[in-house]
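Subject: Structure for your review

Dear colleague,

Please find the structure below, together with a summary of what was found in it. I would be grateful if you could read the two side by side.

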Amino acid sequence: MAYKILFGIVIVGSLAFYFYPKGKGVEQPVFAEPVVETSETIPDVTVLEKGLNIPWDIAFLDDGSYFITERVGNLLHIKDGVRKVIKLPHPVPKGEGGLLGMALHQHSGHETTVYLYMTTSEDKTGTMNAVYQYEFIND
C-alpha cells in the first residue's frame with residue numbers, strides 16, 4: 001500500500017513538472033550591473049588608529065580628539081596622537097556582549113558626559129546590559 005502511494009506521488013510530481021509552463025509566472029532574478037572600471041582615482045584614506053582590540057564605536061569631540069570603544073572594556077581617548085586607555089570595570093566581552101556603543105554630551109569647557117552601552121556581570125547568575133554614565137575632563 002505504501003509503495004502505491006509513493007509511486008502515485010512520484011508520478012503526479014513528474015507530470016506537474018513536465019507540464020508546468022516554463023517562463024510563465026516565474027520571475028527571473030535581477031542581477032547587478034557588471035563592475036565598470038573608470039579612470040577615477042581612489043580617494044585618500046587616513047588610518048586613525050592601529051592595533052585595536054575589537055573596536056566597536058567611535059565618537060569625536062569638538063577639539064578634534066576622539067573616543068574609541070573596544071569590546072574588551074577599554075575606552076580609548078586619542079588626542080594629538082596620544083592614546084589614553086581608560087579601563088572600565090566588569091565588562092563581559094562574550095558572545096555579542098562587552099563594551100559596545102557610546103554617545104557624548106559635551107558641556108561648556110573641558111567636561112564631557114560619556115554614555116556607554118556595556119554588558120557586565122550582574123552577579124553569579126549571569127550578565128546584564130546597561131547604559132553607564134561617566135564624566136570625562138579633557139585636559
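A residue counts as buried when its relative accessible area is under 20%. Y66, with a relative accessible area of 8%, is therefore buried. Please note that the model is a predicted one.

Aromatic pairs

Y66 takes part in an aromatic pair with F60: the ring centres lie 5.4 Å apart and the planes stand at 45°, so the pair is tilted. A search of the whole structure finds two aromatic pairs. The rings of F67 and F136 also pair, with 5.0 Å between their centres and 80° between their planes, so this pair is edge-to-face. F67 belongs to strand 2 (residues 66–70) and F136 to strand 7, so that the pair links distant parts of the chain, 69 residues apart.

Overall architecture

The protein chain has one helix and seven strands, and along the sequence these follow the pattern α-β-β-β-β-β-β-β. Of its 139 residues, 23% are buried. The accessible surface of the protein chain is about 11000 Å², and carbon and sulfur atoms account for 61% of that area. Among contacts between residues at least 6 apart in sequence, 37% join residues at least 24 apart.

Three strands form an open, antiparallel sheet in the order 5-6-7. Strand 5 (99–106) and strand 7 (126–137) are the edge strands, each pairing on one side only. On average, neighbouring strands of this sheet are turned by 25° against each other, direction ignored. Strands 5 and 6 run antiparallel and are joined by six bridges; H105 stands opposite T113 in strand 6.

The surroundings of T119

T119 also lies in strand 6, which covers residues 111–123. With 6% relative accessibility, T119 counts as buried. What does the side chain of T119 make a polar contact with? The partner is the side chain of N129, at 2.5 Å. Leaving aside neighbours within four places in sequence, T119 is in contact with H90, P91, V92, G97, G98, T127, M128 and N129.

With kind regards

How values were computed
Residues are numbered from 1 along each chain as its sequence is written. This is a predicted model: local features need pLDDT of at least 70, side-chain atom pairs count only at pLDDT 80 or more; totals for chains, interfaces and linings use all residues. Side-chain values use heavy atoms; hydrogens and water are left out. Helices (H or I, at least four residues) and strands (E, at least two) are DSSP runs, numbered from the N terminus. Buried means under 20% relative accessible area, exposed over 50%, partly exposed in between (1.4 Å probe, protein chains only). A polar contact is a pair of N or O atoms within 3.5 Å; within protein, one must be able to donate a hydrogen and the other to accept it, and residues adjacent in sequence count only if both atoms are side-chain atoms. Contact means heavy atoms within 4.5 Å. Accessible areas come from the Shrake-Rupley method with a 1.4 Å probe; for residues, only the protein chains shown count as cover. Two strands pair if DSSP finds at least two bridges between them. Axes are lines fitted to C-alpha atoms, for helices over the stretch in contact, and angles run from 0 to 180 degrees between N-to-C directions. Rings of Phe, Tyr and Trp (its six-membered ring) pair if their centres lie within 6.5 Å; planes under 30 degrees apart count as stacked, over 60 as edge-to-face and the rest as tilted.
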